Amino acid sequence: MERKPRPVVDLTAQCACGAVSVRFAGKVLSMFMCSCEDCQRSTGAGHSAIVLARSADVTVAGATKSFARPANSGATLTRHFCPTCGTPLYAQSSRAGEVLMLPVGLF
């Protein structure tokens, strides 16, 4: 079975207070829903909808804060958010430094 081509997007989003913007201009690597306990805590829901993007395709403007914690896999997961309003902006795993996890709902 032939794989369908991944979509190429050019999207910009802002946090709730407008202090931080995130632009994703590039190819979607993958999309998935995660229901691990960390994602449930992060979203306040039963899952998190995520798009994977190359970090080179993402531009963040504005100051962010981060929180790093060990994941069940043994990697370190670092979540970045707006320091003013707390909007989740992106996450990154120590095992895939060139890939960002963007919350679909941000866009």
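The model is predicted, and local features are given where pLDDT is at least 70, side-chain atom pairs count only at pLDDT 80 or more, and totals for chains, interfaces and linings use all residues. Residues are numbered from 1 along each chain as its sequence is written, and side-chain values use heavy atoms, with hydrogens and water left out.

**Strands and hairpins**

Helices (H or I, at least four residues) and strands (E, at least two) are DSSP runs numbered from the N terminus, and two strands pair if DSSP finds at least two bridges between them. An open sheet of 3 strands has the order β1-β2-β5, with antiparallel pairing. Its edges are β1 (8–14) and β5 (58–61), each of which has a single partner strand, so one side of each is left without a neighbour in the sheet. From one strand to the next the twist averages 5°, where axes are lines fitted to C-alpha atoms, for helices over the stretch in contact, and angles run from 0 to 180 degrees between N-to-C directions.

| Strand pair | Bridges | Opposite residues |
|---|---|---|
| β2 and β5 | 4 bridges | Ser21 and Ala61 |
| β6 and β7 | 6 bridges | Arg69 and Leu77 |

The hairpin of β6 and β7 has 5 residues between the strands, and Gly74 in the turn has a positive phi of about 100°. In the hairpin of β7 and β8, with 6 residues between the strands, Gly86 takes a positive phi near 85°.

**The largest pocket**

A pocket is found on a 1 Å grid over the protein atoms alone, as an open set of points where a 1.4 Å probe fits, with protein on both sides within 12 Å along at least five of seven lines, and its lining residues have an atom within 4 Å of a point. Grid points are joined across faces, edges and corners, and a volume is the space filled by probe spheres set on the points. The largest pocket holds about 790 Å³ of space. It is lined by 36 residues, of which Asp38, Cys39, Ser42, Leu77 and Arg79 are the closest to its centre. Elements that give two or more residues to this lining include α1 (37–43), β7 (76–81) and β8 (88–93), and the largest share, 6 residues, comes from α1. The lining divides into 19 nonpolar, 11 polar and 6 charged residues, where Ala, Val, Leu, Ile, Met, Phe, Trp, Tyr, Cys and Pro count as nonpolar, Asp, Glu, Lys and Arg as charged, and the others, Gly among them, as polar.

**Cysteines and Pro5**

The structure holds 0 disulfides, a disulfide being a pair of cysteine sulfur atoms within 2.5 Å. The sulfur of Cys15 has its closest cysteine sulfur in Cys17, 3.7 Å away, which is too far for a bond. Cys82 is likewise in no disulfide, and the nearest cysteine sulfur, that of Cys85, is 3.7 Å away. Relative accessible area is called buried under 20%, exposed over 50% and partly exposed in between (1.4 Å probe, protein chains only). Cys15 is buried at 5%, and Cys82 is buried at 1%.

Pro5, in the segment before β1, is exposed at 75% relative accessibility. Its C-alpha atom is separated by 20 Å from that of Leu102, which lies 97 residues apart from Pro5 along the chain.
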